[in-house]
Amino acid sequence: MEVIVKTEGIAKEFSSVRVLNDISVEIRAGEVFGIIGENGAGKSTFIKILAGLYQPTAGKLWFDGKAVEIRNPADARGIGISLIPQEFNLVSDLCVYENIFLGEELVQKNGFLDIKAMVSRTRQLLSELDVSSIDPYARIQDLSVAQKQMVEIAKAIAFDSRFLIMDEPTTMLTSKEVEILFRLIERLKAHGVTIVYISHKLKEVKRICDRVMVLRDGEFISLEEIANIGIDEMARRMVGRELKEIFPEKKPAAGEVVLSVHNLSVEGLLHDISFDLHVGEVLGFAGLIGAGRTELAETIMGLRRAESGEISLRGKPLQLRKPWDAVHAGLSYLSEDRQGSGIITSFDVVKNITLTSLREYAKPFISQKAEIEKSKFYVDRFSIKIPSLFAKLEQLSGGNQQKVSLAKSIDTQPKIIIIDEPTRGIDVKAKRDIYVFVRGLANAGISVIFISSELEEIIGMCDRVLIMRSGRIVGELPSEKLSEEEIMYFATGIKGGY
């Protein structure tokens with residue numbers, strides 16, 4: 001089979017720390033080439049070199065049989081390489097069609113922008129992705145995370161790329177949207193497009209890829225035909241050892257009610273939401289994308305203004321004029337959009353971890369020593385792979401950024417923590433680390449609201465689950481009655497009405 005990309009001895013260093021070492025591989029034209037590995041294994045670094053975002057410290061690269069130097073993303077696009085990044089690369093205050101054609105605008109003969117043609121092409125691309133409901137004129141800042149992901153995919157396929165890189169493309173998609181994406185991949189493959197597919201979801205890798213390469217600690221471990229390797233073996237090669245049971249043992253708490261929400265409504269988003277959260281409980285919120293789970297979390301944290309209803313903390317009404325009121329009351333929030341509202345990638349690890357809790361380190365002047373000591377604790381606790389405590393987050397893998405975001409969320413010493421999609425972009429070992437830590441929080445008496453689109457982790461982690469649909473709570477399931485089928489019955493409206 002024809003080889004479209006060949007690398008020889010590719011390596012990359014940051015601050016004299018080698019994060020990718022001697023990667024030599026051939027990628028065939030028209031195949032779906034999987035890349036897996038733990039967070040920090042070098043996956044994102046490797047594909048960013050292919051896409052022109054990074055320059056290799058050493059090594060050579062061939063594209064279509066010719067030696068090439070890909071100095072920037074424009075060079076990559078020029079030879080037919082497109083990247084769908086794990087973190088969105090969209091301009092929030094521009095609309096959908098403007099983002100898709102940014103830097104590649106269509107122009108009329110008279111020199112004016114051909115807006116009509118760009119909007120028409122945008123509608124066609126969105127239709128191919130079965131998301132015609134997205135308005136080409138809608139501003140990116142008004143879209144959901146899942147909709148932004150679909151715009152990124154549309155942007156990447158807009159210009160007939162021959163080599164398409166997908167970095168965790170299904171993290172924020174529903175099962176229906178995943179199926180649409182997989183059908184698109186099959187169509188692209190049939191037209192000779194090569195796809196590099198990075199995912200921590202090993203079932204997806206097994207299903208969609210032709211071959212899979214394993215990286216560990218920046219080193220090449222193996223390259224196998226997908227038919228010759230199972231999911232368990234993929235996981236073992238990623239971490240270098242056998243994994244124990246991924247979910248920790250549940251110890252359901254019967255503590256007093258710590259948080260009560262009564263008849264909470266937000267116009268057009270939430271309708272008469274009522275529930276209680278108990279001390280030491282892991283309370284799950286399940287539902288399809290757009291069900292209102294994130295909007296509920298944002299309202300509880302004071303990021304959205306409720307039009308009616310009441311939130312009570314230990315029986316006393318909680319007045320939320322701004323997010324700091326929630327933090328001051330002992331609540332914390334890990335956002336699903338870590339780069340949009342969770343971390344600041346231009347800040348270093350220490351500054352991000354202490355971002356929300358900074359006043360605790362000021363007595364009266366900020367103690368950098370105390371910040372560093374606490375940051376070291378979290379780096380060790382979550383096995384965060386970093387060149388140094390003062391490395392900027394933009395240098396870290398997505399999974400390690402997520403761990404820093406979690407550390408920031410708990411550094412305020414909350415009594416209640418809301419965790420929204422905590423394992424997005426996280427490898428299987430890091431998932432277990434986070435699951436064990438979350439269960440440890442609950443065992444220590446901290447109450448957890450756990451929002452996830454991954455039904456497996458909702459079932460494995462939660463003591464009780466509330467299912468949302470169309471901005472309403474439509475069902476409740478205790479731990480012993482949890483199953484994917486029961487959750488989906490409520491989420492899709494087969495049970496629970498609305």
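The model is predicted, so local features need pLDDT of at least 70 and side-chain atom pairs count only at pLDDT 80 or more, while totals for chains, interfaces and linings use all residues. Residues are numbered from 1 along each chain as its sequence is written, and side-chain values use heavy atoms, with hydrogens and water left out.

**Exercise 1.** Describe the interface of domain 1 and domain 2.

*Solution.* Start with the bounds, which come from an automatic or database domain assignment: domain 1 covers 3-80 + 160-240, domain 2 covers 91-152 and domain 3 covers 257-492. Next, take the spacing: the C-alpha centres of domain 1 and domain 2 are 27 Å apart. Then look at contacts (heavy atoms within 4.5 Å): 10 residues of domain 1 touch eight residues of domain 2. Finally, turn to buried area, the accessible area (1.4 Å probe) that two parts lose on being put together, summed over both. For this pair of domains that comes to about 800 Å², with 61% of it on carbon and sulfur atoms.

**Exercise 2.** Find which residues form the salt bridge between domain 1 and domain 2.

*Solution.* Apply the rule: a side-chain nitrogen of Lys or Arg within 4 Å of a carboxyl oxygen of Asp or Glu. Between these domains the count is one salt bridge. Arg-77 pairs with Glu-104, and their closest N and O atoms are 3.6 Å apart. On the side of domain 1 that touches domain 2, the largest share, five residues, belongs to helix 6 (residues 175-190); helices here are DSSP runs of H or I with at least four residues, and strands are E runs of at least two, numbered from the N terminus.
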